[in-house]
Amino acid sequence: MSSRILTSRVAGLDALMRDPRGVLANAEGGAIAVLVDNAPAFYAITPERLAQLLETEARLARPASDVALDTQFFDDPASAPVAVPMGKFAMYPGWQPDPDFQRQAALWGIALTQPVTPEELAAFTAYWQAEGKVFHHIQWQQKLARSVQINRASSGGLAKRDINTISEPDNQIPPGFRG
């Protein structure tokens, strides 16, 4: 049976039992593979190497940013899981897409440059509540992404015209025309 040894130095269990400090002193990188019957049984590391590994683990556990967010400005704690109904369900008031909805939409090939507005979400849920169809949560999110994409494309990204405004004639004469 072949085994992969992950250190450049090895020692037998008997040698480690006779002189543990001497064996570890010769360990390159502070780690050594201990063999029993010519097969790796475990790895032994020096206290210095253990301290390095623990420090690396602690550093990786810390966030990459040194900016701390003050929790008093947030309604819900960030670690609270989002309640998502299991299986298929009909659209209901208060349904929300996942917090990383824009990233998911991009994975589906729908690039949303702005987050979904509350108005867009309200229109979507109102329409589908009346329909009474049932879908999985991910399917509802895909429908929302497609709906937002189509609605934004149809309006050209511009706000709808106010029908109550009174238009004013243009008083400029284009170049090349006599006036």
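Strand S2 (residues 31-36) and strand S3 pair in the antiparallel sense over six bridges. Two strands count as paired if DSSP finds at least two bridges between them. This is a predicted model, in which local features need pLDDT of at least 70 and side-chain atom pairs count only at pLDDT 80 or more, while totals for chains, interfaces and linings use all residues. Residues are numbered from 1 along each chain as its sequence is written, and side-chain values use heavy atoms, with hydrogens and water left out.

**The sheet**

- S2 and S3 belong to an open sheet of three strands, ordered S1-S2-S3, with mixed pairing.
- Strand S1 (10-12) and strand S3 (39-45) are the edge strands, and each pairs on one side only.
- Neighbouring strands of this sheet are turned by 35° against each other on average, direction ignored; the axes behind such angles are lines fitted to C-alpha atoms.
- Pro40 in S3 is the bridge partner of Leu35.

**Overall layout**

- The chain has six helices and five strands. These are DSSP runs numbered from the N terminus: helices are H or I with at least four residues, strands E with at least two.
- From the N terminus on, the order is β-α-α-β-β-α-β-α-α-β-α.
- Of contacts between residues at least 6 apart in sequence, 55% join residues at least 24 apart. Contact means heavy atoms within 4.5 Å.

**Cores**

- The largest nonpolar core has 16 residues, and Trp95, Phe124, Trp140 and Leu144 have the most contacts inside it. Such a core is a set of buried Ala, Val, Leu, Ile, Met, Phe, Trp, Tyr and Cys residues joined through side-chain atoms within 4.5 Å.
- Helix H4 (101-107), helix H5 (118-131) and helix H6 (137-154) each give two or more residues to this core. H6 gives the most, with four residues.
- Apart from this core lies another, of eight residues, among them Ala11, Val23, Leu24 and Val34.
- Leaving aside neighbours within four places in sequence, Trp95 is in contact with residues including Phe89, Leu121, Phe124, Trp140 and Leu144.

**Burial and surface**

- Buried residues make up 20% of the 179 residues in the chain. Buried means under 20% relative accessible area (1.4 Å probe, protein chains only).
- The chain exposes about 14400 Å², by the Shrake-Rupley method with a 1.4 Å probe. Carbon and sulfur atoms supply 56% of that area.

**Confidence**

- Mean pLDDT, the predictor's confidence in each residue from 0 to 100, is 84 for the chain, and 83% of its residues reach 70 or more.
- Among the elements, helix H3 (residues 47-61) has the lowest mean pLDDT (88) and H5 the highest (94).

Note on methods. Buried means under 20% relative accessible area, exposed over 50%, partly exposed in between (1.4 Å probe, protein chains only). Axes are lines fitted to C-alpha atoms, for helices over the stretch in contact, and angles run from 0 to 180 degrees between N-to-C directions.
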